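Work through the exercises below with the sequence and the model at hand. Each task is followed by a solution in steps.

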Amino acid sequence: RVLFASYGRPHNGCNEGVERECDDSETPVPCDYLEFEENESCSANNGKPPRWTEDVVAQLCYGRSQCNIPADDSVFGDPCVERVKWLQVAMRCTDRWRTKDYMQMDRVNEFLTQGEYSIGVWVYPHSKPGEQAVMAFGGALDSGTSEPTEQMNRAIIQWRGEVGGNSGLFYYYDDCVMDVVPKKVDGLDNVVATHQWYQIWVTRLRNGTAAMYLNGVHVASWTTACVPDPRGTFTLGMDLSDDLATVATKAFYPREFFDGLMDEVKI
């Protein structure tokens, strides 16, 4: 679990050490990550979604017994030009990510071979901020090269929780059209309150025409060439990583866990 991560010039760094007692014995002094503090004048998180640096570290390290994180601008960007920067991280080794509440049901894809489908679910989002995957159709590794297929994200219903925990936004994503954000009549994002039940439906016709419905109301339309891959993945409550670092290991790891409840999933 990533407890803290900041690239730039974070405050209050520390290292584990020892204190020598009066009897000449030594007592370990752990590093207190609660004292770590982001430096807002030089932080890779500036202008990014909440916990962005933590998410980068998580993608590089989750599912591994050890990991290497390049602490340089090529990974995190350059938050303060021509100044010395460093990466400050606090992590706790755990396999808890394996026991998060999610489901992976890849065989669902075998029945969606015509490019036409409807998928619906009742969703009750909690107050966690950031990107979260309600359900996701993923691609597959090429059987000949063991490299990712061209579109790894085939269809994802996402929830983006706002900072403060009182509201958020349902939207659609795939690698063909990117984000499809529902809008209100006035053109503003269709933001809704947390801690309420919502019914979400996404439909796609064979000609690529797709739509999203929120509580029975049509809120978005688009056209996409992306369809579920019969060899791909289908998950509820999270998305599987598709970044190059994890693809290089020929494995995918859970991320973007949804914080909330789901019921009556229909495909």
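The exercises that follow concern a predicted model.

**Exercise 1.** Describe the protein chain as a whole: its secondary structure, its buried share and its surface.

Solution. Start with the elements: the chain has three helices and 18 strands. Next, take burial: 39% of the 267 residues count as buried. Finally, the accessible surface is about 14600 Å², and carbon and sulfur atoms account for 48% of that area.

**Exercise 2.** Find which residues touch the most other members of the largest nonpolar core, and which element gives the largest share.

Solution. This core has 28 residues, and those touching the most other members are Val 134, Phe 170, Tyr 172, Ile 200, Met 212 and Trp 222. Then look at the elements that give two or more residues; among them are strand E6 (117-125), strand E7 (130-138) and strand E9 (167-174). The largest share comes from E6, with four residues. Apart from this core lies another, of 11 residues, including Val 57 and Leu 87.

**Exercise 3.** Decide whether Val 181 is buried, partly exposed or exposed, and describe its surroundings.

Solution. First locate the residue: Val 181 sits in the loop between strand E10 (178-180) and strand E11 (192-193). Its relative accessible area is 22%. Buried means under 20% and exposed means over 50%, so Val 181 is partly exposed. Leaving aside residues up to four places away in sequence, Val 181 touches Leu 169, Tyr 171 and Asp 189.

Key
Residues are numbered from 1 along each chain as its sequence is written. This is a predicted model: local features need pLDDT of at least 70, side-chain atom pairs count only at pLDDT 80 or more; totals for chains, interfaces and linings use all residues. Side-chain values use heavy atoms; hydrogens and water are left out. Buried means under 20% relative accessible area, exposed over 50%, partly exposed in between (1.4 Å probe, protein chains only). Contact means heavy atoms within 4.5 Å. Accessible areas come from the Shrake-Rupley method with a 1.4 Å probe; for residues, only the protein chains shown count as cover. A nonpolar core is a set of buried Ala, Val, Leu, Ile, Met, Phe, Trp, Tyr and Cys residues joined through side-chain atoms within 4.5 Å.
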